[in-house]
Amino acid sequence: MSELVASQATVERRLLQSVVDVARYAFGAAASSIFLVDPATGELVFEAVSGQGGSRLVGTRFPPGTGIAGWVASSGQSLLVDDLSASPQFARDAAASTDYVPNSLMAAPLFTADGVIGVLEVLDRGATAVRVTADVELFDLLADQAAIGLELLTRLRLGGMDQRSDRALRLLEAVESMLATSHG
Amino acid sequence: MNGEVPWRRTDRAAAWELPAWSMSSGLRSAHEFGMTALAGVTADWAWAGADGSGVRVCVVDSGVDGSHPLIGDLERSVTVAEDPDGEIRVVDHPAIDEAGHGTACAGIIRGIAPGASISSVRVLTNGKSGTGAALLAGLDWAIAEGFDLINLSLATTQSRFVLALHDLADRAYFRRNVIVVSAHNRPVLSYPWTFSSVISVASHDLDDPMTFYYNPSPPVEFHARGVQVPVAWPGGGTIRSTGNSFAAPHITAICALILSRHEWLTPFQLKTVLFLTAANVAGRRDPTWLGGTDE
């Protein structure tokens, strides 16, 4: 059972990393990061990053309702901001919490049926950006896909090993032992 | 009516048996309306010379930075706060904004309707009750205070609040506290933008703050400027920001202009004036329609 929990944690890490890698690549962005909401405290937890800066921030917690990600999480609205470096307050906040101060930022909430479970961000879209509305739509689609993957993982974790995967596991063990026998 | 009109059209979402609220809120094409009866209602009639004076607007959001030069003085600044025993109250609060969003919305309203009074209710707080409970408390306060317009650039997905939100939205409608809400474009049911008692707004990508469209396939009813909008940001200065949450305050501000000229309008009359002055409705730019007056 502990192996299963460990493997699910690995799948979750891989999923989160895959989401930020795809998002960064899709927009030719400097970086992409993902936050998940801690249901107990409402804090945003920095879970994964792709690209510049921030890797030392993984695991960092941010209070709810503050900053752009905090607003996106609590309002449920996607947001794209440009000219961020022109905002002294943003630059100050960003410099205090990350190594990297972006000029533009896209942030979309990750929804499950129960509400917002996290926020996906893309920092400094590159020249591959098409046009703002198309970028926001694509970004929302990526966020939806990520949220669905996370929801499935969460259900799997809460439900534990169901009968089907139990059977599959036993089948796998049987095949492994047969292989071992035939090679031995 | 037949199946050809946009509001009866079978679309992709319906064909796939997905609910109506999961349809895209994007402006695909601005349907042209050839029909209108109230010939005297033009943009000139609606808001020429108006600056929003006499109209009281409430921004229900993350707070508003009252020290920003593009915002100026607020009439009131309050926050939803949670007592240690879990009781939710609305209390006076300094005019600050830790997230930046409410300031951006207030700046858009001030830019279009400089004469309107602006107040702020902070509902996006650090409280543990979540958005739904705080939103209810903030809206309840704004309706009781009798604001003419309530800008709500946020939504809640917490379905246990739906009945109470419906009740509040209807009360606001009958008391003429017009609630303007930003629409969602996500595959999740959220409130209260989906209610018919409010004015729901999504984005178009033109630069003109006064251009808006009527959407013949609600629940999104209007499209207003929401892409790369220059907005006030806490700490001074502006940034360009994109999202439906910036489209809603454009309609709020335009409503403030209209109400400052025509204070007797009911919410349904106001919505009709918006329809008749939308860029895709016949007569909007027809010179023979100008010069109408209600005096």
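This is a predicted model: local features need pLDDT of at least 70, side-chain atom pairs count only at pLDDT 80 or more; totals for chains, interfaces and linings use all residues.
Student: How many residues take part where chain B meets chain A?

Tutor: In this model 37 residues of chain B are in contact with 36 residues of chain A. The area buried between the two chains is about 2800 Å², and carbon and sulfur atoms give 49% of that area.

Student: What are the counts of salt bridges and of residue pairs in polar contact between the chains?

Tutor: A salt bridge is read from the distance between a side-chain nitrogen of Lys or Arg and a carboxyl oxygen of Asp or Glu, with a limit of 4 Å. Between chain B and chain A there are 2 salt bridges, and 11 residue pairs are in polar contact, both residues being at pLDDT 80 or more. One salt bridge links Asp83(A) with Arg240(B), whose closest N and O atoms are 3.1 Å apart.

Student: Which strand of chain A is joined to S11(B), and how do the two run?

Tutor: Strand S4 (residues 79-82) of chain A is joined to S11(B) by 3 bridges, and the two run antiparallel. Within this pairing, Asp82(A) stands opposite Arg240(B).

Student: Turning to Arg225(B), is this residue buried or exposed?

Tutor: Burial is judged by relative accessible area, with under 20% counting as buried. Arg225(B), in strand S9 (residues 222-225) of chain B, counts as buried because its relative accessibility is 10%. Its side chain reaches the backbone oxygen of Asp207(B) at 3.0 Å. Beyond four places in sequence, Arg225(B) touches residues including His204(B), Pro230(B), Phe246(B) and His250(B).

Student: Why is helix H2 of chain A described as largely enclosed?

Tutor: The same criterion can be applied along an element. Helix H2 (residues 67-75) of chain A is largely enclosed by the rest of the structure because 8 of its 9 residues are buried. Among them are Ile68(A), Trp71(A) and Val72(A).

Student: What backbone feature is found just after H2(A)?

Tutor: Gly76(A) takes a positive phi of about 75 degrees there.

Methods
Residues are numbered from 1 along each chain as its sequence is written. Chains are lettered from A and ligands numbered from 1 in the order in which they are written. Side-chain values use heavy atoms; hydrogens and water are left out. Contact means heavy atoms within 4.5 Å. Buried area is the accessible area (1.4 Å probe) that two parts lose on being put together, summed over both. A polar contact is a pair of N or O atoms within 3.5 Å; within protein, one must be able to donate a hydrogen and the other to accept it, and residues adjacent in sequence count only if both atoms are side-chain atoms. Two strands pair if DSSP finds at least two bridges between them. Helices (H or I, at least four residues) and strands (E, at least two) are DSSP runs, numbered from the N terminus. Buried means under 20% relative accessible area, exposed over 50%, partly exposed in between (1.4 Å probe, protein chains only).
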